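Subject: Structure handover

Hello,

Here is the structure for you to look through. My notes on what was found in it follow below.

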Amino acid sequence: MARYYDVHPDNPQPRVLRQIVDLLRDDGLIAYPTDSCYALGCRLDNRAGVDRIREIRKLDDRHPFTLVCANFAQLGQFVKLSNSVFRQVKAAIPGSYTFILPATAEVPRRLQDPRRRAVGVRVPRHTVTQALLAELGEPLLSSTLLLPGEDEPMTQGWEIKERLDHQVDAVLDAGDCGLEPTTVIDLSGDEPEILRHGAGDPARFE
């Protein structure tokens with residue numbers, strides 16, 4: 001059964017965050033809130049966690065994952081940024097954007113888009129996510145909590161606990177965090193390409 005944590009949305013309890021981080025470091029899989037929907041997350045080197053996310057969401061081996069980072073400096077360890085892209089990304093974060101960028105050697109090949117050697121990265125604005133990332137000290141490998149056959153992601157912690165009780169190790173409930181996923185911008189080519197319109201304003205990349 002999944003552990004259930006009722007986390008304060010503005011002042012998340014440090015004791016609870018430490019318990020969740022201990023679980024993540026023990027190869028746990030969690031459902032947690034972001035500024036754009038709830039997500040599934042585990043540590044970058046948690047192979048079993050990645051397989052569990054694929055099973056929950058019925059994803060194939062080609063589906064890309066996102067590295068959810070605490071800040072721009074952390075993001076820069078995992079993706080390559082030209083000068084122009086550097087400015088664009090830095091001006092847009094934190095926020096509801098996912099950027100597809102060329103991956104560095106820090107990202108395992110199995111997590112990269114095999115055609116472009118790229119990976120998705122984002123820096124959320126959500127207080128609980130930021131506090132969790134600060135306690136963990138590394139990115140979370142994540143995927144939007146959108147179940148097979150459903151049009152909208154899950155938004156209620158108690159419902160996630162009921163539906164995924166035997167598939168995840170913990171649920172962080174910090175209240176409703178909205179239905180709209182991130183805006184996805186592919187910056188791995190010569191020109192920005194908007195792959196998905198979502199919560200982030202795409203105008204600056206058009």
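The axes of helix 1 (residues 14-25) and helix 5 (residues 127-136) come within 9 Å of each other and cross at roughly 60°. Helices here are DSSP runs of H or I with at least four residues, strands are runs of E with at least two, and both are numbered from the N terminus. The axes are lines fitted to C-alpha atoms, for helices over the stretch in contact, and angles run from 0 to 180 degrees between N-to-C directions. Helix 1 and helix 5 are therefore oblique to each other; under 35 degrees counts as roughly parallel, over 145 as roughly antiparallel, 65 to 115 as roughly perpendicular, and the rest as oblique. The crossing of helix 1 past helix 5 is right-handed, that is, the near helix is turned clockwise from the far one by less than a right angle. On the helix 1 side the contact (heavy atoms within 4.5 Å) is made by Leu17, Arg18, Ile20, Val21, Leu24 and Arg25. Helix 5 contributes Ala131, Leu132, Glu135 and Leu136.

Before the rest, two notes on the basis. This is a predicted model, in which local features need pLDDT of at least 70 and side-chain atom pairs count only at pLDDT 80 or more, while totals for chains, interfaces and linings use all residues. Residues are numbered from 1 along each chain as its sequence is written, and side-chain values use heavy atoms, with hydrogens and water left out.

From the UniProt record: an unreviewed entry lists residues 14-200 as "domain: YrdC-like". UniProt positions are given in the numbering used here, feature names are shortened, and annotations may be inferred rather than shown by experiment. In the model, the span of residues 14-200 is 29% helix and 21% strand, and its end C-alpha atoms lie 29 Å apart.

Next, the charged pairs. How many salt bridges does the structure hold? There are eight salt bridges, each counted where a side-chain nitrogen of Lys or Arg is within 4 Å of a carboxyl oxygen of Asp or Glu. One of them joins Arg122 and Asp35, at 2.2 Å from N to O. Arg122 lies in strand 6 (residues 118-122) and Asp35 in the loop between strand 2 (30-33) and strand 3 (38-42), so this pair ties together parts that are 87 residues apart in sequence. Both Arg122 and Asp35 are buried; buried means under 20% relative accessible area, exposed over 50%, and partly exposed in between, with a 1.4 Å probe and protein chains only.

Arg163 takes part in two of the pairs described here. With Glu150 it forms a salt bridge whose closest N and O atoms are 2.7 Å apart. That pair links distant parts of the chain: Glu150 sits in the loop between strand 7 (140-144) and helix 6 (157-163), Arg163 in helix 6, 13 residues apart. Arg163 also forms a salt bridge with Glu159, at 3.7 Å between the closest N and O atoms. Glu159 and Arg163 are both in helix 6, four residues apart, about one turn of the helix. Elsewhere, salt bridges that share partners join Arg43, Asp45 and Glu138 into one network. As for accessibility, Glu150 is partly exposed at 30%, Arg163 at 39% and Glu159 at 25%.

- Trp158 lies in helix 6 and is partly exposed, at 47% relative accessibility.
- Thr155 is in the loop between strand 7 and helix 6 and is buried, with a relative accessible area of 12%.
- Leu164 is in the loop between helix 6 and strand 8 (170-173).
- Ile185 belongs to strand 9 (residues 183-186) and is buried at 0% relative accessibility.

Regards
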